[in-house]
Amino acid sequence: RGQTVVEQRHEVSSFNESMGRFQWRSNNDKCSSTKCKSATSVLPWLIIVVAVANIIISHQAISGSFSSGLVDKPCNSAAPSSKVLCDETENQNDHDSGYRHRPLQAEEEQTRHQNSNNDMNLNKKITMDGINVNRNTTISRIKMRTLPAVLPKPKLILHIGVMKTGTTYIQLELLRKKRWNRVYKKLLLDGYEVITQEYAPNVFERVIDECLVKGDECDYKLWQDLLDLYKSAKEWNGKDHILQCLETFSMIPKPFNTYTRELFQSLNDMYDVRIVVFYRRLYEWITSLYTQYRKHFMYKTRDMDNPWKQDYENLDDLKPISEWLEDILESNSFHYTISNKNQFEEIYGPDKVLVLDYHAHERDGIETEFICRGVPNATEACKEAKAIVQEHKDDPSKVVRRNTGEKFLLDHDLLIIEAFREKLVTGGRYNATLVLQQKLEEMNMSIKELPKICVSPERQGWLRNTAEYAEMSFSSKPLSRQELQKVFLDYKDKLCSIDAKAVLTNATWRNLFASCAFQKEGC
């Protein structure tokens, strides 16, 4: 075999494997000695054996790292760096004490990929464990990890009113935390914790008045108190979702300032926020809201034994409905459904703001309108609400009525107050209204026959247009234009107040109020 002269043209690429770097070339060189000829015969076979062995070892390393997600062996019993694995710049002796990988070159990776018959395409970019892995990335670093599923956010249902749309009834009869409250107990079964005004009144009042209204002057700790309250409410009963009923959210001045908008937007980071707001026909809503405004001057809500006020306080704030309406419009205090819907849609989007129909109580009951339509997935509570509505239909005496304005003698009160200003009346305020009502009955007269001051024709036109737009936009069963016009005519008189000053220009009325019946000490 020593007689054979080896003539080859081979160029073997560089290998930075565990054998070290080896390069061998033959350019028609001839060996003259037997020893050289023997070596040249063996070396090509040795190179092939080493290359095949290296491919097998690398394939096993790749397969092991993908199947186990871990590096097979440490380098010198030390964990590899989080960014750079074992570097093959050490001498040959280092390979005896630990198993090392080096970064794969593109050509070697392609070869190994083909020889392993693996379908994985390492040229594609993969994202694993926060690392962008491409074809030049060390394979042993790849950790196959199942990404956790994104859990849905808990729901935060904010019922914001508006005022005079049944909010008090919903709070006290449907959501109050009492043992007898059937709907509340079912809401717990549906996974909702309920928060009403009585839950933490001081927190809500301070957040509204000292934070959301003031904007960038807000102390963020107040807002954090609200967030902590939401969190503790969920944890208290271990519920997934929150239902809050707070109509003062609808009374924040609009448009929202930038800071207030950002605070509301921040709720999206933690909750799937839904806004629920009720719609009531504009004529009804305005007259009911005016009665509520006047009620605070006439009635003491916390003194049930003696609720009617006899004093004459805050008289400068007391106004007829025409002046009152212009004041709330000019002062940006006209917190109707339209403005609230538009404002919260800008923050949460139109699919997150739901307008419910207050007039559903005339058909299917406000209970089902609120619970079944306004609270998502409240299956058990919806069944209970429907049962309550059916009971009310079977026995109307069970219907709870609150905040009725019929008992408030609004025009009588305005006339007595003006007589007091002109020093014609000295008796108690409420008692004087009762005496006036008695005198009118004796004269077979109605207070409506006296001079009035009404909302201007221009303002009435604005009200008609706004009422028509709202009815077509929000009512579940909208009235026709003719039907809506009839509603306006029914409420037109309620858009007027007595013109007390004009009445007292009449000597007959002045003499009436100067009689003993209206004096504090009598005659």
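Accessible areas here come from the Shrake-Rupley method with a 1.4 Å probe, and for residues only the protein chains shown count as cover. The accessible surface of the protein comes to about 29800 Å², with 49% of it belonging to carbon and sulfur atoms.

This is a predicted model: local features need pLDDT of at least 70, side-chain atom pairs count only at pLDDT 80 or more, and totals for chains, interfaces and linings use all residues. Residues are numbered from 1 along each chain as its sequence is written, and side-chain values use heavy atoms, leaving out hydrogens and water.

**Whole chain.** Color by secondary structure. The protein has 19 helices and 11 strands. These are DSSP runs (helices H or I, at least four residues; strands E, at least two), numbered from the N terminus. Of the 523 residues, 43% count as buried, meaning under 20% relative accessible area (1.4 Å probe, protein chains only).

**Helices 6 and 7.** Select residues 201-212 and 220-237. The two helices pack at an angle of about 145 degrees, with axes 9 Å apart. Axes are lines fitted to C-alpha atoms over the stretch in contact, and angles run from 0 to 180 degrees between N-to-C directions. Contact means heavy atoms within 4.5 Å. On the helix 6 side, look for Val-203, Phe-204 and Leu-212, among others; they meet a helix 7 set including Leu-222 and Trp-223.

**Helix 15.** Now select residues 429-442. Buried residues here include Tyr-430, Leu-436 and Leu-440. Show helix 9 (282-298), helix 14 (410-421) and helix 19 (507-513): they are among what covers the buried residues of helix 15. Finish at Asn-444, which follows helix 15 and has a positive phi, near 55 degrees.

Technical notes
Expected span 1.5 Å × (residues − 1). Buried < 20%, exposed > 50% of the residue type's maximum accessible area, 1.4 Å probe, protein only.
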